[in-house]
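Subject: Structure handover and findings

Dear colleague,

I am passing on the structure below, together with notes on what turned up in it. Please read the notes alongside the coordinates.

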Amino acid sequence: MILDDIVADKKIRLKEQKKRMDLVAVRRLAEEQESSGRGFYENLKKPGISIIGEFKKASPSLGNITSKISLVERISDYSASVDAISCLTEEDHFHGCVDDFKEIRRQTELPMIRKDFMIDEYQFYEAKAIGADAILLIAAILDDAQMKDFYALTCELGMDALVETHDEAEMERALALDAKIIGVNNRNLKDFTISLDNTMRLRPMVPKEKCFVAESGIITDDDIRLLKEQQVDAFLIGRALMEAEDPGKLANHWKSL
């Protein structure tokens with residue numbers, strides 16, 4: 001399965017990273033990082049729909065992604081239109097890196113989520129050290145004990161967690177965690193097929209006071225309208241915004257629907 005390959009490669013990467021900078025050092029950097037006051041949860045859970053604009057260079061489903069505008073232009077557009085920014089930092093399958101995150105962080109005051117396959121406490125301290133306001137917890141790759149411990153560590157570090165689910169069992173686990181932000185990935189991480197039915201099927205399980213995020217496969221006006229009817233709070237959108245010549249215009253158009 002693709003997901004198993006990604007996690008296996010991430011473990012190898014982490015071993016290499018820890019040789020260059022150990023846990024003690026990265027924890028020290030995290031502790032030196034002051035709270036930014038940028039509210040990821042607050043920016044998403046507000047009247048009207050919110051959009052998390054993503055930056056990624058590739059994905060297993062799309063292959064390499066060639067942006068039609070520069071990174072500076074993209075982040076300028078995002079800063080004027082979306083409510084938060086997601087940056088992929090996974091190296092082997094999404095061609096991301098921490099340096100991408102740092103570069104975007106320098107260019108915007110929007111809340112940012114580090115989107116990666118978070119399986120080790122090292123990554124959470126690193127996320128705090130590079131200025132992340134939130135991280136992604138993927139239920140499919142974590143057991144209950146890991147989810148609980150990592151969620152607690154995220155909160156301790158002053159970051160928000162977007163807990164990602166894909167089916168009923170994972171949703172039950174996210175709800176048991178009492179996570180504030182719960183996402184549904186419309187992409188099956190095992191075979192990377194997409195179905196918006198995931199969001200529609202799982203939405204009724206989530207209390208309205210939670211922040212509910214629809215992720216992946218959102219590319220048309222009809223997709224936005226359909227999921228807006230389900231009272232989705234926020235959309236995490238990658239491909240459509242990455243391929244757009246004017247992502248700011250597209251994001252503002254969708255928020256007006």
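Helix α1 gives the most to the lining of the second largest cavity, with three residues; helices here are DSSP runs of H or I of at least four residues and strands are E runs of at least two, numbered from the N terminus. This is a predicted model, in which local features need pLDDT of at least 70 and side-chain atom pairs count only at pLDDT 80 or more, while totals for chains, interfaces and linings use all residues. Residues are numbered from 1 along each chain as its sequence is written, and side-chain values use heavy atoms, with hydrogens and water left out.

To stay with that cavity, K10, L14, Q17, E91, V98, R114, D116, Q123 and E126 line it, and the elements that give two or more residues to this lining are α1 (2–20) and α6 (121–129). A cavity is a set of points on a 1 Å grid over the protein atoms alone where a 1.4 Å probe fits but cannot get out, and lining residues have an atom within 4 Å of a point.

Of the 17 residues that line the largest cavity, F94, K115, F117, N185 and L189 lie nearest its centre.

As for the fold, eight strands form a closed barrel in the order β1-β4-β5-β6-β7-β8-β9-β10, with parallel pairing, where two strands pair if DSSP finds at least two bridges between them. From one strand to the next the twist averages 25°, with axes fitted as lines to C-alpha atoms and angles running from 0 to 180 degrees between N-to-C directions.

Strand β7 (residues 160–165) is joined to the parallel strand β8 (residues 181–185) by four bridges, and V163 has I182 in β8 as its bridge partner. Strand β5 (residues 112–115) pairs with β6 in the parallel sense over two bridges, with R114 opposite I135 in β6; R114 is also among the residues lining the second largest cavity.

Strand β6 (residues 134–138) is largely enclosed by the rest of the structure, because five of its five residues are buried, meaning under 20% relative accessible area with a 1.4 Å probe and protein chains only. Both of its faces are covered, with A134, L136 and I138 buried on one side and I135 and L137 on the other.

Best regards

Note on methods:
On a 1 Å grid over the protein atoms alone, a cavity is a set of points where a 1.4 Å probe fits but cannot get out, and a pocket is an open set with protein on both sides within 12 Å along at least five of seven lines; lining residues have an atom within 4 Å of a point. Buried means under 20% relative accessible area, exposed over 50%, partly exposed in between (1.4 Å probe, protein chains only).
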